Amino acid sequence: MAKQQNGYLGGYSGRLGPVVGYLWRGKWCLRAKPGKVRNPRTDRQQSHRHLFKAMVQFASRQSQVLRIGMRQVSHDEGMTEQNLFVSLNSQSFSLVDGALEVDYSRLLFSCGPVAPVAFGKPAVDDRRVLTVSFERNPLHMRSSGEDTVYLYAYCPAAELGLLSAPVYRRSQSLSMMLPDEWEGEEVYLYGFVTDYAGRASQSVGISWDGAEDEEEEAADNNAVAHGHESDTLTAADGRENPFGQPQGAPGGFS
């Protein structure tokens with residue numbers, strides 16, 4: 001793809017001989033005019049087009065988070081945020097009986113070179129306020145306390161995603177309000193970091209299972225009631241990662 005500078009004649013839009021001019025992100029660009037395209041409309045080709053259209057539609061519903069999580073890399077690659085999302089996540093989508101199936105455990109909503117944080121297990125109170133703690137710099141990579149941390153929650157039943165307000169990396173905790181309509185529905189949670197230049201980290205799925213948490217709490221209460229509190233504390237302190245499952249597959253919660 002050639003790029004045309006705004007010179008004496010300025011840019012132009014439309015076909016001119018073998019090239020097409022168009023405006024993209026404030027810059028006039030040129031590309032070759034497409035030749036004659038064969039369109040046999042085989043079943044396989046039609047299925048691929050249907051899948052691609054469904055992926056693009058899914059990506060378009062994530063525009064709020066993609067404008068932050070993928071803007072810098074998409075700009076460097078010369079593509080839109082939605083196209084970059086589809087390119088990075090194509091293996092996470094499939095068609096089953098004509099319906100779109102999504103592997104939410106593999107989805108990426110941001111990408112880039114920024115150092116990540118390690119997210120803990122989410123907790124939701126009776127007002128539907130979700131809170132997640134995080135370790136500022138788990139990999140001991142160079143980072144700034146002024147970096148901003150985001151959460152992104154997606155509810156498949158509502159086909160809706162919500163982006164949290166950002167907090168500084170040094171805050172080590174982030175909260176967001178979930179809609180009342182999501183109560184009882186499966187929700188997937190992701191987190192990422194951005195820096196002062198607009199670059200992002202790769203998003204990670206934040207795993208949490210509310211039922212599992214209730215079982216653990218019941219087990220802890222039972223252990224305390226039977227005089228085994230010290231054993232329970234030792235087991236909790238001895239977990240390999242007290243911050244949950246950073247970089248693990250996201251799980252639904254209700």
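Arg169 is buried, at 0% relative accessible area. In this predicted model, the side chain of Arg169 meets that of Asp147 in a salt bridge, with N and O 2.9 Å apart. The two residues sit in distant parts of the chain, 22 residues apart. Asp147 belongs to the loop between β9 (129–135) and β10 (148–155). Arg169 belongs to the loop between β12 (167–168) and β13 (173–177). Asp147 is buried as well, with a relative accessible area of 6%. Both values fall under the 20% cut-off, so both partners of this loop-to-loop pair count as buried.

The salt-bridge count comes to five. Side chains of opposite charge can pair when their charged atoms come close. Another of these pairs joins Glu81 and Arg71, whose closest N and O atoms are 3.3 Å apart. Glu81 lies in helix α4 (residues 81–89) and Arg71 in helix α3 (residues 71–77), so the bridge ties together parts that are 10 residues apart in sequence. The burial of the two partners was examined in turn. Glu81 has 8% relative accessibility and counts as buried. Arg71, at 43%, counts as partly exposed.

Asp125 is partly exposed, with a relative accessible area of 31%. Arg127 counts as exposed, at 53% relative accessibility. Neither residue of this pair is buried, because 31% and 53% are not under 20%.

Cysteines were considered next. Cys111 is buried, with a relative accessible area of 12%. Cys155 is also buried, at 1%. The structure holds zero disulfides. No pair of cysteine sulfur atoms therefore lies within 2.5 Å.

The overall fold was then summarised. The chain contains six helices and 15 strands. Among the helices are α3 and α4, which carry Arg71 and Glu81. The chain exposes about 15,300 Å². Carbon and sulfur atoms supply 48% of that area.

Terms used:
Residues are numbered from 1 along each chain as its sequence is written. This is a predicted model: local features need pLDDT of at least 70, side-chain atom pairs count only at pLDDT 80 or more; totals for chains, interfaces and linings use all residues. Side-chain values use heavy atoms; hydrogens and water are left out. Helices (H or I, at least four residues) and strands (E, at least two) are DSSP runs, numbered from the N terminus. Accessible areas come from the Shrake-Rupley method with a 1.4 Å probe; for residues, only the protein chains shown count as cover. Buried means under 20% relative accessible area, exposed over 50%, partly exposed in between (1.4 Å probe, protein chains only). A salt bridge is a side-chain nitrogen of Lys or Arg within 4 Å of a carboxyl oxygen of Asp or Glu.
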